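Let's take a friendly look at how charged side chains pair up in a protein chain. Have the sequence and the 3D view at hand as you read.

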Amino acid sequence: MATAVQKITLSPARDIPFNKLVLAQTNVRSIKAGVSIQDLAASIARRGLIQSIHVRPVLDADGHETGMFEVPAGGRRYRALEMLVKQKRFGKASPVPCVVGNSSGAILAEEISLAENIEHAPLHPLDQYRAFKDLRDKGMSEEEIAAAFFISVTVVKQRLKLTTVSPALLDIYAEDGMTIAQLEAFSVNNDHERQEQVWEAIRNSWSKEPYQIRRMLTENTVRASDKRVVFVGLESYELAGGSVLRDLFQSDDGGWVQDPALLDRLVTEKLQVMADQIADEGWKWIDVALSFPYGAANGLRELEGTPVDLSDDEKATLDALRGEFDKLQAEYEEADELPDEVDQRFGEIETAINALTARPMRFDPADIARAGVFVSVDADGSLLVERGYVKPEDEAPAAPEADNAASVEGVDPSAGSVQRAVITIGGQSPEPQDDDEDGIKPLPDRLIMELTAERTLALRDKLANDPAVAFLAVLHKFVRDVFRRYSSQGVAMEVSVRGTVFSTQSPELRDTPYAHAIEARQKAWEERLPSESAALWDALAALSGADRAELFAHCASFGVNALYEKADRYGNGAISAHGVQQRLAEADHLARAVGLDMVGAGWRPTVGNYLGRVTKARILEAVREGEGERAAQLIDHLKKGDMAKEAQRLLADSGWLPEPLRVADLDAEPASSGPDNEDQALPEFLASDGEHGSADENEQHPVAGE
C-alpha cells in the first residue's frame with residue numbers, strides 16, 4: 001500500500017495595519033546593499049507593494065499573541081513604508097499585505113530572513129535588456145525608463161545597446177557561453193554577420209578578451225581621437241554621410257570612424273580650402289600634406305618675420321586674463337587640491353593667454369614673393385601653418401656694393417656665368433695696362449694659391465695656440481652651417497657641420513619628444529642670434545662662456561650620424577661594411593658618454609616604427625623578451641596585422657627596445673675586422689637574419705641616435 005505524500009500548508013496572508021508592525025532583531029540584513037531605502041520608497045509610491053512582508057505574531061510571557069507583529073523578512077520594505085509614513089504619504093494605520101508565519105514553529109526567524117535574502121535571484125542582464133526594450137517599444141523613452149527604475153540613462157542605453165548584438169550571440173550568452181563583458185564588446189559594431197565571424201574566429205581560443213573582440217570589430221576603422229578626425233570634426237564627418245561606431249560600455253575617445261576614405265577626402269578638402277586662403281597672402285609656393293617628414297625644411301632658408309603688435313582691445317584682454325590668473329593663484333596657493341571649476345578656469349585662462357601671445361608674423365612683401373609655406377595637420381589635430389621658407393633657387397641675386405673691397409669683372413647680369421674675379425683694392429676696378437714687362441699686372445693664379453697656402457698654414461699654427469679663439473672660430477662656422485639665415489659660402493674655417501638627411505624614416509619621427517626638443521632649442525637660439533651675418537661674430541663674442549658652450553654643443557649635435565647604411569662590403573660604395581661597423585661602434589661610445597636611454601627619451605615600439613615592419617617571428621620575439629612567454633602565447637595565433645597591433649599594446653610600458661636602439665655590450669668579445677670576417681664583425685641585426693629574415697631585405701634598420 002503506497003504511503004500518501006504529506007501536503008505542505010502555506011502561511012496565511014492577511015492585511016495588517018502598519019502601526020501594528022515592528023522590525024524584528026532577527027533580520028539578518030545589517031549592511032546596506034542594493035537599491036536605497038529612498039528609491040524603494042519611491043518605487044512603492046509608484047507601483048505599490050509588489051511583495052508581501054513576512055511577519056510573526058509577538059507573544060507575551062504566557063505565549064499569547066499581543067496583537068503586534070514582528071518583521072523578520074522584509075525589513076527594507078518596512079523601512080520604506082516607515083519613510084512614506086513620515087512623509088505623510090502613507091497612513092499609520094493603513095493595511096499592509098503580510099504573510100503570517102508561526103511563532104512557535106520549528107523554523108527559526110533567522111532562517112526565514114536568511115533564506116529570503118539568499119534565495120533572491122537577481123535579474124539576468126539579458127532579461128533586463130529585453131524588458132527595457134519592451135518598455136521602449138510600448139512608448140516609454142530612455143529617460144522615463146531610467147527615472148522609473150532609479151538608474152542612470154547611461155545604464156538604460158547600455159542595456160538597449162545589446163539590441164545591436166546578433167540574436168545568435170545573445171543565445172550563446174543566455175546559455176553562459178560567453179561573459180557579459182564579451183557580449184558588451186560585440187555591441188561596438190552593428191554588423192551581425194561580422195560579429196558572428198569574430199566569435200567563430202575566437203570561440204575555440206583560450207584568449208577571448210573583450211579588448212580583442214573590440215579590436216577585431218574595429219580593425220578597419222579610425223579612432224575618433226585620430227588627428228584627422230579632430231581636424232575635420234566628428235560632426236562634419238557625420239554630416240558628410242560618415243558613420244561612427246561607439247562603445248557605451250567603455251571609454252572609447254569618441255568612437256571609431258567607419259569610412260577612412262571619406263575621412264581622408266574631407267581632410268584633403270579642408271586643407272585645400274586653408275591653402276587657398278593662405279595663397280591670397282602672395283606666397284610663391286605652398287606645400288600641403290597631412291604631415292611632413294622630419295627635416296622637410298632642410299636646405300631652405302627661414303625668413304625672419306616681425307610679430308604683429310597687439311591691438312588695444314587685445315592688450316586689455318591680456319591684462320585682464322593675467323590679473324585673473326594671478327588672483328586665482330594667490331587665492332589657492334595653499335590649497336592641496338584645486339576645485340574642478342577652478343582647475344578648469346586655470347586651463348581656460350592659460351589657453352586664452354597663449355592664443356593672444358602667439359602672435360602672427362609679418363613678412364616683407366618681396367620676401368613673400370620668393371618664399372613658400374608648409375600647410376599640414378599638427379599632432380593634436382589643429383592646423384599647422386609654417387610660413388616663410390625660401391628654396392635655394394629662389395634666393396635673390398646678391399647686389400654689388402659700392403664700397404666692396406673687391407669687384408667682379410665682366411659680369412653680365414642677364415647671363416648665367418661669371419668670369420674670373422679680379423682682386424682689387426679699395427673697390428676700384430683696375431685701369432687697362434699695357435702688356436709690357438715693366439707694367440704692374442695681376443698676380444698669376446698659381447702664385448696667389450701658393451701664397452695663401454702659406455698664410456693658411458701660418459694661421460693654423462697661430463690658431464692652434466689660442467684655444468679660446470679656436471673655440472669661437474669653430475662655433476662661428478657651426479652656427480653659419482646650422483642656422484639657414486646665414487650663408488655658409490666663402491668662409492675661412494673649413495670645419496663644418498654636415499647634418500644627416502633621413503631619407504628613410506618612420507612617419508612618426510617628426511612627432512617624437514626628441515624631434516620636438518631639437519626644434520624648440522633651434523628656435524630659441526634663432527631668437528637670440530642676429531639676423532645678419534656681419535653682426536654674428538660680435539654677438540657670439542658677447543655670449544657668456546656657458547652660453548657659448550651650450551650653443552657649441554647644439555651646433556655640434558647636428559653632425560651626429562648613427563645611421564646604418566646598406567653598404568658594399570668590398571668598399572665600392574660610399575661607405576663599406578667595415579665603415580658602418582665603426583660608425584655604429586662610435587655611436588655606442590657617444591651614447592654611453594651622454595647616458596642615452598631611448599626608452600627614457602620617449603621611444604615606444606609601434607606598428608609604424610617597428611612591429612609592422614618585421615616578421616611574425618620577430619614580433620613574438622619582442623613580446624617574449626618584453627613581457628614573457630605567456631604574453632607571446634596570447635597573440636601567437638593572430639594574423640600579422642592583428643599581432644602587430646596587440647604587440648604594440650602589450651609592449652607599451654615594457655621598456656623593450658629592438659637591438660639597433662640598444663647600446664652594445666662593452667664586455668663583448670671584439671670580432672676580427674678583416675675582409676673575410678665582415679659578417680662576424682657586424683652586430684647580429686646587421687648580419688643575415690637566417691630563418692627570421694627581415695620583412696624587407698632592402699629596408700634600412702633604425703639605429704640609436706636617429
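The report below covers salt bridges in this predicted model.

Searching the whole structure turns up 19 salt bridges.

| Pair | N to O distance |
|---|---|
| Lys-133 and Asp-137 | 3.1 Å |
| Arg-345 and Glu-324 | 2.8 Å |
| Asp-547 and Arg-528 | 2.9 Å |

Begin with Lys-133 and Asp-137, which share helix α4 (residues 125–137) and sit four residues apart, about one turn of the helix. Lys-133 is partly exposed, and its relative accessible area is 28%.

Next come Arg-345 and Glu-324, whose side chains meet in a salt bridge. This pair links distant parts of the chain, with Arg-345 in helix α15 (residues 340–357) and Glu-324 in helix α14 (residues 312–331), 21 residues apart. Arg-345 is partly exposed at 28% relative accessible area, and Glu-324 is also partly exposed, at 29%.

Now turn to the salt bridge between Asp-547 and Arg-528. Here too the pair links distant parts of the chain: Asp-547 belongs to helix α21 (residues 545–557), Arg-528 belongs to helix α19 (residues 513–528), and 19 residues separate them. Is Asp-547 buried or exposed? With a relative accessible area of 18%, Asp-547 is buried, because the cut-off for buried is under 20%.

Finally, which residues are linked in a network of salt bridges? They are Arg-136, Glu-142 and Lys-157.

Definitions and conventions:
Residues numbered from 1 in each chain as written. Predicted model: local features only at pLDDT ≥ 70, side-chain atom pairs only at ≥ 80, totals over all residues. Heavy atoms only, no water. Salt bridge = Lys/Arg side-chain N within 4 Å of Asp/Glu carboxyl O. Helix = DSSP H or I, 4+ residues; strand = E, 2+ residues; numbered from the N terminus. Buried < 20%, exposed > 50% of the residue type's maximum accessible area, 1.4 Å probe, protein only.
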